[in-house]
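Visitor: I've got the model loaded and a few questions. Can you walk me through some of its details?

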Amino acid sequence: MEVVFSTWDLAGQEVYYATHQCFLSRNTLYLVVWNMEEGDKGIEYLQPWLLNIQSRAPHSPVIIVGTHCDKLPPAKSRELREQYKQKIVSIYRRVGYPEISNVMCVSCVTKEGIKDLQEKIHMTAIQAKDPDTNELIIGQQVPASYVALQKIISEEVKNCQTKEIPPVLNQKEFAKLAERIPNNDMVDPNRDLIDPEELSVAAQFLHDNGVLLHYNDHLRGLNNLYFIDPIWLADMLAEVITVPEKQGFVHNGILNESSVAFIFRDSKRFPSQFLQQYLQLLERFEIALSLGNGQRLIPSMLPVQRPILSFVEPQLVPKYDIEPPALSWTGSNNSVDRGAYTIIADAVSCIRRRYKMAYIPSGFWSRLISRLIINLKRSGLLEDNQRAGSGVIYWKRGILVTHMTGKFLVESTQPLTSEVSGVSISKMMFEASTRLVGDGIDGVPAESSGVDITVWSDNEDFSAMGYVVDQLDSLI
């Protein structure tokens, strides 16, 4: 059986993480590739990628491919290959991870294993089933109108290229494309119009098959857009954050909008008259956010180092002298909520909530910082900060917002050092909730993977905690 694949390469460098969310789809065969020279460390680093696949595209089949097998010591090569395979199977072929269909090793130098990998890819693809229907994906019958719409979209992409316009359609324009289909079975017989629900199902089918990209995201308005040339979208996002010579325009995560024209100046695919549309798309995908004054924030390119903050963080002494709940997080109602643990300070008007997370998804921090800033702008608090002489400080995995009556700090988990009944809070916390080893996806040590939210208030108004928690919950 002949199979045509649409192949996407999601590179492993951290600068790409913010864009990965756009391209993980269900009913897809994933190849997760690691360097066998890295041994056990490389196997550990597979974890966040597999978890990302399971969270975005559950039940999708995965082939884990070890590369550089020709670099293994010849005397131990066979032993190491078997050892690595057994370890991968024992760790990842279980509940909570995607379906590991095969574990293989290859060499791009000697071509060893390449033919076998090709055969496994083909076999896995034709055996893959839709988790909703349990039917084979390849060979599945689909309405003729879906196939016809795919052809019309291909023609429209060429038309956009000829006219040098962005291949992005709104809801009305996409429906007009569907109207070109002869004998269209997506037409509502009672109204002689395109059925919106059927068109939505068709769009999801084409999204799953890599023909277009469409996101059911009402919060950011992406649900009204159809990216009929996925490669165009990938390249447009990459123009800003993944091309080394372009990164010189970004300083400490800040990009001047006047530089955007220079970033796109050499590309015929991105005509300068559409610069404002590119900026709007970058904001909707939480890649580059408007800060006003002609500046854009690119969270994925913020400095890693936590800045020295201009205030003394208080010693946090809980009002209640209890041990944190057990790993199951049951049997206690003391401010425990789905893995979150809140400490209320006595001496100062301050509360802190800690979220312990099994892993940090790719691009998590850049997206969280983006959402906090977007909603600060909507609430008007960001403008108030500037008028009050206060403001916002951000770094790779954290943000501090100071306002007229207090401040709040959201950052990657930091050890708490206060003593409670002779046992440090840091020890209590980590004994209760730490089980991971290795590094998280954004470079955060897995044993401290989580989010700390600290809120200070001069008038005991801690509503900022609810605001941050809402944004965090919407993301995870």
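**A sheet, a helix and a patch**

Visitor: Which residue of β11 is the bridge partner of Ser 290?

Guide: Strands here are DSSP E runs of at least two residues, while helices are H or I runs of at least four, all numbered from the N terminus. Within β11, the residue bridged to Ser 290 is Arg 296.

Visitor: What pLDDT do local features need?

Guide: Residue numbers start from 1 along each chain as its sequence is written, and side-chain values use heavy atoms, leaving out hydrogens and water. This is a predicted model, so to speak: totals for chains, interfaces and linings use all residues, side-chain atom pairs count only at pLDDT 80 or more, and local features need at least 70.

Visitor: How many bridges join β10 and β11?

Guide: Two strands pair if DSSP finds at least two bridges between them. Gly 292 sits opposite Gln 295 in β11. β10 and β11 (residues 295-297) run antiparallel, and their bridges number three.

Visitor: Which helix packs on the sheet, touching β10 and β11?

Guide: Contact means heavy atoms within 4.5 Å. Axes are lines fitted to C-alpha atoms, over the stretch in contact for helices, with angles from 0 to 180 degrees between N-to-C directions. At about 45° to the direction of β10, and spanning residues 364-379, the packing helix is α12.

Visitor: Which residue in the β10 and β11 hairpin takes a positive phi?

Guide: That hairpin has two residues between its strands. The one with a phi near 55° is Asn 293.

Visitor: Which strands are at the edges of the open sheet?

Guide: The open sheet has four strands, ordered β8-β9-β11-β10 with antiparallel pairing. Each edge strand pairs on one side only, and these are β8 (250-251) and β10 (289-292).

Visitor: Which residues make the nonpolar surface patch of about 260 Å²?

Guide: Patch residues have over 30% relative accessible area and no salt bridge; like charges are joined within 9 Å, nonpolar side chains (Val, Leu, Ile, Met, Phe, Trp, Tyr) within 5 Å. A salt bridge is a Lys or Arg side-chain nitrogen within 4 Å of an Asp or Glu carboxyl oxygen, and accessible areas come from Shrake-Rupley with a 1.4 Å probe, only the protein chains shown counting as cover for residues. Ile 231 is in helix α9 (residues 230-241). The patch is made by Trp 8, Leu 10 and Ile 231.
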